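Here are some friendly notes to read alongside the model. Please keep the structure open and follow the points one by one.

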Protein chains: 8
Amino acid sequence: MLFQDHDRILFIGDSISDYDRKRPVGEGLFEGLGTSYVSDIACHFGCTYPDMMLHFINMGISGNQVCDLDKRWQTDVLDLKPDWVSVLIGINDVWRRFDSPTMANEYVPLEEYRQTYENLIVRTLPHVKGMILMSPYFMEPNRQDAMRAEMDKYGLAVRELAEKYSLPFVDLQAGWDELFRHMHPCNIAWDRIHPNRVGHTYIAKQFLKAVGYEW
Amino acid sequence: MLFQDHDRILFIGDSISDYDRKRPVGEGLFEGLGTSYVSDIACHFGCTYPDMMLHFINMGISGNQVCDLDKRWQTDVLDLKPDWVSVLIGINDVWRRFDSPTMANEYVPLEEYRQTYENLIVRTLPHVKGMILMSPYFMEPNRQDAMRAEMDKYGLAVRELAEKYSLPFVDLQAGWDELFRHMHPCNIAWDRIHPNRVGHTYIAKQFLKAVGYEW
Amino acid sequence: MLFQDHDRILFIGDSISDYDRKRPVGEGLFEGLGTSYVSDIACHFGCTYPDMMLHFINMGISGNQVCDLDKRWQTDVLDLKPDWVSVLIGINDVWRRFDSPTMANEYVPLEEYRQTYENLIVRTLPHVKGMILMSPYFMEPNRQDAMRAEMDKYGLAVRELAEKYSLPFVDLQAGWDELFRHMHPCNIAWDRIHPNRVGHTYIAKQFLKAVGYEW
Amino acid sequence: MLFQDHDRILFIGDSISDYDRKRPVGEGLFEGLGTSYVSDIACHFGCTYPDMMLHFINMGISGNQVCDLDKRWQTDVLDLKPDWVSVLIGINDVWRRFDSPTMANEYVPLEEYRQTYENLIVRTLPHVKGMILMSPYFMEPNRQDAMRAEMDKYGLAVRELAEKYSLPFVDLQAGWDELFRHMHPCNIAWDRIHPNRVGHTYIAKQFLKAVGYEW
Amino acid sequence: MLFQDHDRILFIGDSISDYDRKRPVGEGLFEGLGTSYVSDIACHFGCTYPDMMLHFINMGISGNQVCDLDKRWQTDVLDLKPDWVSVLIGINDVWRRFDSPTMANEYVPLEEYRQTYENLIVRTLPHVKGMILMSPYFMEPNRQDAMRAEMDKYGLAVRELAEKYSLPFVDLQAGWDELFRHMHPCNIAWDRIHPNRVGHTYIAKQFLKAVGYEW
Amino acid sequence: MLFQDHDRILFIGDSISDYDRKRPVGEGLFEGLGTSYVSDIACHFGCTYPDMMLHFINMGISGNQVCDLDKRWQTDVLDLKPDWVSVLIGINDVWRRFDSPTMANEYVPLEEYRQTYENLIVRTLPHVKGMILMSPYFMEPNRQDAMRAEMDKYGLAVRELAEKYSLPFVDLQAGWDELFRHMHPCNIAWDRIHPNRVGHTYIAKQFLKAVGYEW
Amino acid sequence: MLFQDHDRILFIGDSISDYDRKRPVGEGLFEGLGTSYVSDIACHFGCTYPDMMLHFINMGISGNQVCDLDKRWQTDVLDLKPDWVSVLIGINDVWRRFDSPTMANEYVPLEEYRQTYENLIVRTLPHVKGMILMSPYFMEPNRQDAMRAEMDKYGLAVRELAEKYSLPFVDLQAGWDELFRHMHPCNIAWDRIHPNRVGHTYIAKQFLKAVGYEW
Amino acid sequence: MLFQDHDRILFIGDSISDYDRKRPVGEGLFEGLGTSYVSDIACHFGCTYPDMMLHFINMGISGNQVCDLDKRWQTDVLDLKPDWVSVLIGINDVWRRFDSPTMANEYVPLEEYRQTYENLIVRTLPHVKGMILMSPYFMEPNRQDAMRAEMDKYGLAVRELAEKYSLPFVDLQAGWDELFRHMHPCNIAWDRIHPNRVGHTYIAKQFLKAVGYEW
């Protein structure tokens, strides 16, 4: 398995990670991790590998784009001295282009996304044991949909970065595509973005599989 | 124009109409009509044709399906003695099949929908000057989407009823299809169901056009 | 029509514009424009001319007088780089004189109003495609009423400024006078200032007509 | 003076009297009388004539019209065994005709108002020492205003009833007319109906004068 | 009468004056004066002498002692440029000695009270037309009660200051003594400090009499 | 000591006992006994005599007079099958006469108080091991005060009933008189009725002494 | 695996199951299942076996004992026509004996527990495909603790019932014993009863294993 | 007895002391001491020795560990010039190690605890008449429990410090051990840390005994 005893594993991202996590640091008593897939992952480790003493931290903030991560990376990631950093970012970078088309500055163009993301990786790798990258997604099975098509480009950028730096890549978009062969997306999220508890369980399972967790 | 001086025009439906209308009767002071397209329609008449003294009533209830309308039709429609009844129902009848697939009793099959709807029309026409039927819709441009395909069947049922009884038919689904040639559906509604203010304005415009309102 | 593709149109004013708009900037998702005539205008453009991609911003603040606009003009208007600026100010400048007669500093004398207003125009015109001026108003049909008479002087000042700088002028006071030939003012506003939804629709219609919108 | 030691004086009416009085009976500790003119009157008697031990009861209910008083007259007036009954009703009977013109059943026609009011007097006089009638009013100095003109008719009806039954009549409308020679109505009430504290003090003074209170 | 047209009359003190007045300055719309005797006084002038255009300001703060007034005198009194200043202070200066006897620093000794008070007078008189001093009080008819006896000393100090500087003196303690010949103090205030509406009316009457108000 | 193992001890009374006790029955987890002297008594027994397994129940209701106890005695006392009943009632019976002098029906005359109280004792004694009577009180050291003098009569009535039926009598009024030789009453209660935590501790100590509790 | 396509699986119990589930029936949209292990179980099936279309219902109510289940069994279990019923009850039956020792009627003796439980099984088995029994527990590793020892008897009773009727038995107490070899109980629950998210995940895992779920 | 007239006695600690005490300083009117054992102690002195005029201050803050006391010792203890300081700290220093085992920095190792504690004593003794030390505790009767065993070490450290500096030592852990011979810990605290009212009474009794209070 990827993790070792006493490792500190930090998740950074947007509302998909956030889900009411504690401020300023998402950890500790009273559901400090919030109720997203991050908590699900921590809970599985907590009761299956209790002796590993892994420590989980959730630093997601609703509405964040990659440029927001960039601004708070030092305080919210590096200063917390994680051994592993899991990143799930990019949904809002694309979404604003489609739900707020008249506000030109609200979305992040692909190249800016890619470069900012890569810069975060480069700043981080010397200080950690590794990073896990998760693809941004849109729970839209129709690949011709304009926003889905755009999101796929951002997801591809993440995949390429994962490959370039030999990092584990969790292809959440592929996961949804597989799941929606069996159900309509509105069974997981009316807005096709924010998963219900079934959806978070599903994300957690893909992450756990990627890091070598055994049930 | 369809309406005459002092006519009473009642809107019945689900959450699309409701939008926080007053209980038990959606009329009168303090935004009694709520903030949906119903209010938009009433406001246009109120300042363009102030002498007509049209009275508008909003009896939408969030979550309703056609069977819910059936149960409250006497008290919530007929007892209020409208001259005109506008109906927008069917979205929840279909939606529950897709967002709650394991709950078999939560959605309304097509035939039950059609018959219940027709029965409401037959009960009502002798008591009113007319009815206006609006198609249920799903803001999904992709007609191959399972829920969109199903919704189209329900919309067709309403169209056929409108034709059978020679009633004005407002094809909201066609309206969205036209609009989404110019924008992504998430610009109107993240969940592709509940319109923002732009969406309600758009519904109101189609209704106004259908009843012969002149700007 | 007055506006061109991608134009940014900013509304500045008092509570008539404000109506719960988002802070610090009234734009974007979740009814960022509030629920006044500003939202009505934006919604009409949004569904009738979706390809124009006009961007609307509401910067009204309840209780403001022209001197308050003056203090925040740089940050709240110029810094937001609008192409068009629509101004509706002056009601509170007059109202305080009549509802708070013992507080001498709370209202704005006519000459101070005129000069401050003109100064704002002069500061702004070099940076925008144009401005639209709306008259302050009091929904009092009786022109002998002291406050109405005073408000008419402020309205005249705005009309004269509009003429001097060749700007579109929306005479809201004249609009109310016309409407109240058909109804009592309390049908629009108990306090004869803050319009209900019918009243905002009416303001929006006059603005839309003034800028060449076609229904 | 009109009142005698230990008299029970009951005020009945609409929101002008109500102002947050205690339910079900407006009396006793913790501002049971609310904050309208009723409390002002009771306070003046309470500290000027403490030995008279007058007991005051406020049974106003916001929004009431004369027909609402009629329905609750037995329980809310007669059962409470007052020695004196002060009535202030009629404002909503007229107001609804002007602020809700499309809702024909919401206002009370003059003849129904007069007859219902007289019936209440006839039911009550055998059981009490006397009644005090207060005119309904509209704080509109312009007698040509349609609602003011209509309100004057209702006020005249009350005056005629007072004369017919030889009851003290407090002409609040005349009081406002006198006061507004010195100020604009919006200094007392933005909506020209609900007085601020100055307005309630003024009503109380007129009542106190009518019943022979000496300062 | 003491006051002249357009005079500004400022009340300063503790919770007896405060009663929910507006912050930072207790004046203006929406019951800015709060609901204490200050509002009562202003209301009587407002409807009896509307042409005098007197402006009232309430700067009371709950819990204040004379040393608190001293700290905020410049900003809360002098900077507001009153023509008249009415002072009611001293209750908390004494009360804390009896309800918090173990907290030695919480009350103000008599000499400190007297000197601080006199200093405020000396600082103020050159800038105003006059000051009105009101005695602190304890609604305890029994003069042998320890707190009443102590309060009487503070009241005497105020009386002596009023005489020394020839200022109107409102002897509230004497007023309560007179009133409680007719009723028990708990009819005005359970805690013998904070008057109900009857009590505030009574304070207002004494003030009005002292300044020559004619009913 | 008065109590035996497993005894059920029920306290009945007014707000002095109530202090936020649980409804409908004041017992059990989460401070079911409220925060009055009742809880203090139970806590002392709970940690000093844990093996006695005494069960305490608080059935006080704020504002109650003896006639209110009479109405709910069957359900709130007898049906709960107590072994001991402690009664503290009478304060409101007297208080209303002084704080609400114009409301003649709000207080309970002495004879009615005595007879109702005696009737409760007679109904109860056959079903219990005993009753403890506590005197009503007014924290007013001055025995010439009208309300104190009246309260003393009610207290005497309770003392006489205790003697007649040989019941333990806790003379709370005498307790306060003793305590106020050392402090002012406002150190215990601003309103001279509702004790702070020191006052409740003091009541509890007197009760504990009366029932033979050893520290 | 135990379950078949389209099965309805109902969970009944106390607060451990409840965790804010929807009323009156814990199912459907908006986290209708609450946030306990019930939701965890449903989520795992929902994303791993989406085609099975299993329907889950949570009918836990905080504070319930077996006698409470008995009273609501018809409406809350049988009327909902489940195929499978999972029971987790008994904790409160024992707990009250230790946290409320003076309230003799608040806990359920072992024999009453056993008989009531068995009666529920007998009533149910003819109508369902099967039942799953979960042991009540106390997260106290020390078996000599009085409450743990008592709870073990109740757990044994459930185990015996499971064996008698050949039902799957989930030994939660044994699960905690195993887990607390690796951590202190306060890492799962401060009160040793209500699990945090890690604890619920752990319960869910044991249930899933018992019914043959494959990860 | 330990204390002398007019002494100031300050309690410092964690949530066990805090219980909603007033900020910034826990003293004075309106339950400034909160509802923990601190208030119980003050209340007993207040009504038993009213002439001593002891002043009590509660400076507990929930969640504090000894290092938190260290940071605020100057402002929260020394600056308040107490004559006596009572310390109850250490529970959170140990607890975090067991309820948050993965967060290594959240608990305080024994040596750091001892040294910090001793340092506080050394800084304080020159300025006060004396200190009272209370042992941290865990309401776990089983001494083999890992957290209890650890807590005993911290308690021993406090005992040794008390002996070294000849300070009164209140052995709360021994107190609980004695009490739990008669009841289960969950009768005092579900979480075995935060006492209910019985528990606080019990702590207060031990403190009172230690300082020579006579009932």
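1. Chain H and chain F meet through the same surface, because 100% of the interface residues of chain H are also interface residues in chain F. In numbers, 23 residues of chain H are in contact with 23 residues of chain F, where contact means heavy atoms within 4.5 Å.

2. A word on the ground rules. This is a predicted model, in which local features need pLDDT of at least 70 and side-chain atom pairs count only at pLDDT 80 or more, while totals for chains, interfaces and linings use all residues. Residues are numbered from 1 along each chain as its sequence is written, chains are lettered from A and ligands numbered from 1 in the order in which they are written, and side-chain values use heavy atoms, with hydrogens and water left out.

3. Now the area. Chain H and chain F bury about 2,100 Å² between them, with 69% of it on carbon and sulfur atoms; buried area is the accessible area (1.4 Å probe) that two parts lose on being put together, summed over both. Of the area that chain H buries against chain F, C47(H), R197(H) and W215(H) supply 25%, more than any other three residues.

4. Which side chains meet in a salt bridge? They are those of D40(F) and R197(H), at 4.0 Å from N to O. The count between chain H and chain F is one salt bridge, meaning a side-chain nitrogen of Lys or Arg within 4 Å of a carboxyl oxygen of Asp or Glu.

5. Look next at the helices (DSSP runs of H or I, at least four residues, numbered from the N terminus). On the side of chain H that touches chain F, α2 (37-48) and α8 (197-210) of chain H each supply at least two residues. The most comes from α2(H), with seven residues.

6. R96(F) counts as buried at 10% relative accessibility (buried means under 20% relative accessible area, 1.4 Å probe, protein chains only).

Notes: Buried means under 20% relative accessible area, exposed over 50%, partly exposed in between (1.4 Å probe, protein chains only).
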